Amino acid sequence: MADDAKTFAALFNGLTKRLYFDEKDITDEFLKNEIFPQLSDEDFAALVTKCSSLIKSLVSADMDYNQCEAFLTSQLKKPEGAITENQANAIRKFWKNQKNKIHEAVINKSSWGHSLKHVSWRIDIKSQARHIEDINTPTAIMELKIGPNATGSQESDVVRFEMDENRLSEVLKTMQDIELEVNRYCEQ
């Protein structure tokens, strides 16, 4: 029965593994045979479509618990194609247990190349220099760990560099400009 919380949760887990964790062995036919062998092909296809839509709505909005609760309440109140209370409970439990894993999988899929893994910095005061005017000037020592996005890979490159006060001001100004552009883009 499609209303049973355990079978509904099993379908959600199977669809999630296929959609977000690239488990290609989990086909509609496999899910139907393992979870809902009693349903007709048409009914199962409609159920898969409904569940996939629900999962994608949860994931695309990266819903927290309160948002999920509001979303499920709205789904419960829908007259046509609505979910039952048992299904809503299964979705709540599923989302509570899987949200972070799915979020990480989506991030890993949407990032390519290398990413910044860690930033360390400190401010030093020069105590020796070729020119007397360079003594007692602050410098920023930066260390960046850059690594691949692939999960399980621990190889990281370390980049270290030094910036004087002027260069640090330029970098901070550039970061502020980037933040403004991102905020402007997000407001659209």
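Let's start with Asp62, which lies in the loop between α3 (41–60) and α4 (65–77). Helices here are DSSP runs of H or I with at least four residues, strands are runs of E with at least two, and both are numbered from the N terminus. Asp62 has a positive phi of about 45 degrees although it is not a glycine. The cut-offs are under 20% for buried, over 50% for exposed and partly exposed in between, with a 1.4 Å probe and protein chains only.

Asp22 is partly exposed, at 43% relative accessible area.

A word on the source. This is a predicted model, where local features need pLDDT of at least 70 and side-chain atom pairs count only at pLDDT 80 or more, while totals for chains, interfaces and linings use all residues. Residues are numbered from 1 along each chain as its sequence is written, and side-chain values use heavy atoms, with hydrogens and water left out.

Now the overall fold. The protein has six helices and three strands. Along the sequence the pattern reads α-α-α-α-α-β-β-β-α. The radius of gyration is 25 Å, well over the 16 Å that the globule rule gives for 188 residues, so the protein is more spread out than a compact globule. That radius is taken over C-alpha atoms, and the rule is 2.2 Å times the number of residues to the power 0.38. The C-alpha trace spans about 85 × 35 × 25 Å along its principal axes. Of the 188 residues, 26% count as buried.

Next, the core. A nonpolar core is a set of buried Ala, Val, Leu, Ile, Met, Phe, Trp, Tyr and Cys residues joined through side-chain atoms within 4.5 Å. The largest one has 30 residues, and Leu11, Phe12, Ile91 and Trp95 touch the most other members. Two or more residues come from each of α1, α2, α3, α4 and α5 (85–110). Which helix gives the most to this core? That is α3, with eight residues.

Finally, Trp95. Leaving aside neighbours within four places in sequence, Trp95 is in contact with Leu58, Val59, Met63, Cys68 and Ile102. Contact means heavy atoms within 4.5 Å.
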